[in-house]
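Me: I would like to learn how to read a few features in a structure. Can we take them one at a time?

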Amino acid sequence: MGRSLVCMGGGAERNLVLTGFMGTGKTTVGRILADRLGYGFVDTDGVIESRAGPIGEIFERDGEDVFRELERSVARELAGRTGLVIATGGRMMLDPSCSACLEPVAWIVCLTAHPDTIIERIGDTARRPLLDVADAPARVRELLAERAEGYARFASVDTEGRSADEVADAVLSLLGL
């Protein structure tokens, strides 16, 4: 596999974190990148669901604050590991606690897409607690506007009009790999 994200001075493999809004391809592209780099793959939402049940049920049963604390716990856990491609939940890296854990040990890349493309990719918005509203497209635009400054902190790759393999190529190119 030859490619590796090596920390300067430390020799340990840096993780690669994919962040960005839901529906931008973090999980799909993350799996491709993990395969290409010979890394493990972790989807933080998947970890949370395996421990606490479906995200929609967590929001309904326990509230968003409990879900966010579960994200913080997963971030702390993953910060102690290396050689991973990590696909995060859409808001996870905007949480200062999560970013403080993961930024020092990872390259962070934000995947982006047009709001209409996001809605098309997501499909049934009722399965997404933050989009289970009367006007999901308007809510996507609202959330993207709220998160724009936070996402702008990270290097980004536009997924618009690209296949998952092309997005993976662009991420590797961005990182100089």
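Reply: Start with a loop residue. Arg91 sits in the loop between strand 3 (84–87) and helix 5 (96–102). Helices (H or I, at least four residues) and strands (E, at least two) are DSSP runs, numbered from the N terminus. This is a predicted model: local features need pLDDT of at least 70, side-chain atom pairs count only at pLDDT 80 or more, and totals for chains, interfaces and linings use all residues. Residues are numbered from 1 along each chain as its sequence is written, and side-chain values use heavy atoms, without hydrogens and water.

Me: Is Arg91 buried, exposed or partly exposed, and which residues does Arg91 touch?

Reply: Buried means under 20% relative accessible area, exposed over 50%, partly exposed in between (1.4 Å probe, protein chains only). Arg91 has a relative accessible area of 30%, so it is partly exposed. Not counting residues up to four places away in sequence, Arg91 touches Arg68, Arg147 and Tyr151; contact means heavy atoms within 4.5 Å.

Me: Why is strand 4 largely enclosed?

Reply: Because 5 of the 7 residues of strand 4 (residues 106–112) are buried. Two strands pair if DSSP finds at least two bridges between them. Strand 4 pairs with strand 1 (residues 15–20) in the parallel sense over 6 bridges. There, Val17 stands opposite Ile108. Strand 4 also runs parallel to strand 5 (residues 155–158), joined by 4 bridges. Thr112 has Asp158 as its bridge partner in strand 5.
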